[in-house]
Amino acid sequence: MSKLDTIVKEARTEEFNQYISSLKIEIQEAYKENDAPWIICFSGGKDSTALLQLIFNALAELEKEKLTKEIHILANDTLVENPEIEKYLDEQLSKIKIYGKNILYKHAPGSFFVEKGKPELEERFWINLIGRGYPSPNRWFRWCTERLKINPTSKYIENSLKKYEQVIIVLGTRKAESANRAMSMNKYDNNGRFRDHTLTNAKVYAPIAEMSTDDVWSYLLLTDNPWCSDNMDLLEIYGNACAGGECPFVIETGTQSCGKSRFGCWVCTVVDRDRSMENFILNGEKWLEGLLNFRNLLYDIRQETNQYVPSRLNGKVAFGPFLLRTREMMLEKLLKLQKQTGIELISDIELKYTKNLLDYDKKARINGNMKKFYYKTNNGKVIAVISDCDVSKTHRERLGSIHLDKIELIESENVTNKYEKSTRVMYYKVKR
Ligand code: SF4
């Protein structure tokens, strides 16, 4: 008998049923507490599925005339989602919509919404990685979460707040997911049902905060899914591993996130290996191999370079963008992969924007391979930049931690031989 079978078997008790009933009563009370619409964040993962299932089951037990509050199911599309997960999520959303409008809110279908947030063009992955040369994200420079996940959700919430005095953001975050998660949840805990969100008049409600991972799986596997999905499909995505990290729905910068998720982006380099994609390939989705290889390339490029400041620079380096030649190489390989797979990996509008940004830097291309430039910043400090283009001639306002819009070039020197293996621009303060 597998570990999961044992967990589920052990949950077939009156005690577990009572626990689930108490959670449903709590959700019903919270629903009735005020008129503020609920924005339920749904990633398709086990926690948000358990959350939504619990909410739907709790609300289905209330009299229809009491279901007057608007319900918004909000998913997020980073536009670099794992294609298999994206397909699964889209299927779930369309079933949820049918269930919500035709069954749960049949009396008021106009009050039930299913939406998917997307990042603004400026904030999309390829535009920043290839167009602007941001290094592939890692734990210390995870520029993507805010742009791809937090901002689209915040925008939806902000727009909702223009229409309503208050909104409740309902999350499937759980303390048992990780020690960090528990710490960040405890930090905001006000011992009340709702905690404040950083956006004024938005409150956060996390009804399954105390549920264990075993409870989540037991509930999912012992209860019928209201929108007629089979939770065994979800289990399959987790590769029959009932433990394992989950990317929470990220709504604030303080939230620990992503990386180890089975529901993350296919380009994610925050983790050393993308075990989720590896799992899909092992289970027969061979066509994902090209995507995995490309992700590994993004990871390797970042690893090949000196990730940290060489000690001779006293540890005072802020990393800049990838070199122009690296970005051109990435775009070429991405377009080739897109052709091979036949699926859209970069949209036409993103490609156009990315090419424009590359063209800008090409105008500042240096004849020869690499140069070291010394710049004086507007606060009087001197920085050195090793690059294959003169970054002060590009239209970036900010690279790494240095603002380059008003810096003055003092001098430059050729460093071709010394730095030719470097694949990224480095900035550091210089004592002169
Ligand atoms: S899954 Fe990875 S790439 Fe995607 S937003 Fe999270 S950290 Fe960034």
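The model is a predicted one, and the values given here are computed from it. Helices α12 and α13 pack against each other at an angle of about 150°, while strand β6 pairs with β4 in the parallel sense and with β5 in the antiparallel sense.

**Helices α12 and α13**

- Helix α12, spanning residues 324–341, packs with helix α13, spanning residues 348–363, at an angle of about 150° and with the two axes 11 Å apart.
- Because angles over 145 degrees count as roughly antiparallel, α12 is described as roughly antiparallel to α13.
- The crossing of these two helices is left-handed, and the contact draws on Leu324, Arg327, Glu328 and Leu331 from α12, together with Thr354, Leu358, Asp361 and Lys362 from α13.
- By residue class, the contact of α12 with α13 comprises three nonpolar residues, one polar residue and four charged residues.

**Strand β6 and its partner β4**

- Strand β4, residues 167–170, and strand β6, residues 202–205, are joined over four bridges in the parallel sense.
- Within this pairing, Val167 has Ala202 of β6 as its bridge partner.

**Strand β6 and its partner β5**

- Strand β5, which consists of residues 195–196, pairs with β6 in the antiparallel sense over two bridges, and Asp196 stands opposite Lys203 in β6.
- The hairpin formed by β5 and β6 has five residues between the strands, and in this hairpin Asn201 adopts a positive phi near 70°.

Methods. Residues are numbered from 1 along each chain as its sequence is written. This is a predicted model: local features need pLDDT of at least 70, side-chain atom pairs count only at pLDDT 80 or more; totals for chains, interfaces and linings use all residues. Axes are lines fitted to C-alpha atoms, for helices over the stretch in contact, and angles run from 0 to 180 degrees between N-to-C directions. Angles under 35 degrees count as roughly parallel, over 145 as roughly antiparallel, 65 to 115 as roughly perpendicular and the rest as oblique. A crossing is left-handed if the near helix is turned anticlockwise from the far one by less than a right angle, and right-handed if clockwise. Two residues are in contact if their C-beta atoms, placed from the backbone, lie within 7 Å. Ala, Val, Leu, Ile, Met, Phe, Trp, Tyr, Cys and Pro count as nonpolar, Asp, Glu, Lys and Arg as charged, and the others, Gly among them, as polar. Two strands pair if DSSP finds at least two bridges between them.
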